[in-house]
Amino acid sequence: MRNCWIGVPVLGIVFLLTSLSWAQQSDAVDRDMSVPPDEVTEKPVADDVALQPVAERIPVEPSRGLAPPGAIMVKNKENDAGDQLVVSFELPADTTGIFAYRIYRRVSGEKDWDLVKVVAAGEPTEFIDGYDPEFPVMPGTLYEYRIASVDPEGNEYFGEIQVAQETPHGEWYHTGKTKVLIACAIFMGLIFFYFNRAQRGVKMYLRPIAGIEAIDEAIGRATEMGKPVLYVPGLSDIADVATIASLTILGRVAKKVAEYQTPLMVPNRDPIVYTVAEESVKQAYLEAGRPDAYDPDSVFFLTTSQFAFVAGVNGIMMREKPATNFYLGMFWAESLLLAETGSLSGAIQIAGTDAVTQLPFFITTCDYTLIGEELYAASAYLGQEPKQIGALKGQDACKAIIITFITAALAFGVLDLLFKSDLVEWLSNFLASPIVE
Amino acid sequence: MYDVIGIWAGAFFTLAIYSFLYKENPIYRLAEHLVVGISLGYGIAVTYSNVLKPRLIDPVNSGGHWILVIPGLMGFLYITRFFPRISWLSRYPIALLMGTSMGVAFPLTMKAAVLRQLESAIIPLYREGMSWDVVLGSVIMLLGTLAALIYFFFSKPHKGPFFGFGSRIGIWVIMLGFGATFGFTVMGRISLLIGRVQFLLSDWLHLIK
């Protein structure tokens, strides 16, 4: 009886699995049977078919129905790197029944066409070709275009193959970015000016920031408790300014950690950030005079997947129980998951990011939070190097210029409102002209 | 069949991850290690099929794109990290990448984060036909921007009528902004939770339709 009690459900499960498997195979067979044979591949290849976009498996052109579009105009796009073309086409005389237009492109002399754009009926007939990274436009290449009118059933009615009037080519100077160039030059000039002053020994004041001053205290706490320090350098790549700021701070933190001989853990999501973080920590141990204390396993790569990374770091927090957690860099939706877990584990937490949407979560769950630019400034605070302090002073000077612009615009706005003077209006426009497009 | 297995696996691992809310446990640890391992393996496969193969191997194999060999070799230098004697070679691609990234990002940030913001801040406060609430909103936005900028001055003590008062207003403005962002983002997270609960109750348990 006991054997039957066990056997019946086992047999039932086996039967159920077999039935489901059989049912799925039957479905697959039915689906195969219901798929019509591909007409393109079955039909004999004629000359005309060779012009069809092979990659897209476009059916053979049906009998005359819709009018195809007319002339295609292709121009080189100004102020680009030679990887874009401005394409426009004439609508057919009769657009009745046309659902959309499909634009195909190929390199002149080649066989296969690429579908580069679908323009719905009624939408503008001019577009920039080259945005789609799957079908890039290469500089200096001659292209051919062909456009089809498409009916609601998906049938295509092709127009003539037309050779592009221009080939794409890049420009050395972007005429639309002169203002950006001037702003960059002013910004860099100010930074170098204060950088030079700082190098000459001019003392510069830095106001205290609680989150930065707490870093030493947090590392000291971990040392006293004999527990590790966890440092997460954000989840972004090396191109992110927040990541670079974080890696600079990591060097400072690692130096302190090396001096105090406290264990350090640096999990990484990006492989390149991982290599830079490893170099940074190794260098910090060397500078602290403790290269022997450097543990190669302290900086490690977890995974590139965002939430898998979070699951891994959360597990580390709960198992290793670090006394201090640093979250400095770029974070997205994982910020609260990390900080809340760290809070549960009882660690002192210092966070910093320039992600506006994530800062509120860090503020509510961490002991100290570096807001936006405070993260960039942290490195200068920690290092107290003249170069970095000078750079910080230069940034402040840029902010002063911005405040001056806004205040002046506000003042002229109020004056214009009160007196309606041509002079005030001219002054207001003059002030806005370097900024407003 | 595979759908059923997928749903059961999805439900099991959802509950395994949620078990962390109680405490760290072996079931969570299983799910954690699986998701980290699988995502890493999947990432490698995706990188090969979406990046390496179509953008390097195929173009080079087809001939005519030999220039791609140079970035390919630069990328290959990363592997030298495994050989301590020549691991210094991996610094070249890192330096190139960081330098290029900063060079590209600098003008873009200047335009998007400075000039565009400044342009938006110096719009006229009043035009014919504007209602009073719109004018008031513009004034608050402008003064709030100024105050927040004052807060981010690092080389001046936050004392006195300009920097002291301005930075106090600035931090209030920033916190008000964060409060609004917090509420908005939490709503998004709640919708994610609803999606997961729907999966459990609908796809898995068939309790709701």
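How much area is buried between chain B and chain A, and what percentage of it do carbon and sulfur atoms give? In this predicted model, the buried area is about 6,000 Å², and carbon and sulfur atoms contribute 74% of that area.

**View 1. Contact between chain B and chain A.** Chain A brings 70 residues to the contact, and chain B brings 57 residues. Between the two chains there are 16 residue pairs in polar contact, both residues being at pLDDT 80 or more. On chain B, the side that touches chain A comprises 37 nonpolar, nine polar and 11 charged residues.

**View 2. Salt bridges and helices at the interface.** Five salt bridges are counted between chain B and chain A. Arg81(B) pairs with Glu279(A) in a salt bridge, with 3.3 Å between the closest N and O atoms. At least two residues of the side of chain B that touches chain A come from each of helix 2 (26-62), helix 4 (91-121), helix 5 (132-151) and helix 6 (160-204) of chain B. Helix 4 of chain B supplies the largest share, 16 residues.

**View 3. Nonpolar cores.** The largest nonpolar core contains 86 residues. Among the residues with the most contacts inside this core are Tyr231(A), Val253(A), Phe326(A) and Ile406(A). Helix 11 (residues 386-419) of chain A gives the most to the core, with 10 residues. A second, separate core has 19 residues, including Leu230(A), Phe309(A), Val313(A) and Leu338(A).

**View 4. Surroundings of Phe326(A).** Leaving aside residues up to four places away in sequence, Phe326(A) touches Ile215(A), Ala218(A), Ile219(A), Val229(A), Leu230(A), Tyr231(A), Val232(A), Val253(A) and Ile350(A).

Definitions and conventions:
Residues numbered from 1 in each chain as written. Chains lettered and ligands numbered in written order. Predicted model: local features only at pLDDT ≥ 70, side-chain atom pairs only at ≥ 80, totals over all residues. Heavy atoms only, no water. Contact = heavy atoms within 4.5 Å. Buried area = accessible area lost by both parts, 1.4 Å probe. Salt bridge = Lys/Arg side-chain N within 4 Å of Asp/Glu carboxyl O. Polar contact = N/O pair within 3.5 Å; in protein donor to acceptor, adjacent residues only side chain to side chain. Helix = DSSP H or I, 4+ residues; strand = E, 2+ residues; numbered from the N terminus. Nonpolar A, V, L, I, M, F, W, Y, C, P; charged D, E, K, R; others polar. Core = buried A, V, L, I, M, F, W, Y, C linked by side-chain atoms within 4.5 Å. Buried < 20%, exposed > 50% of the residue type's maximum accessible area, 1.4 Å probe, protein only.
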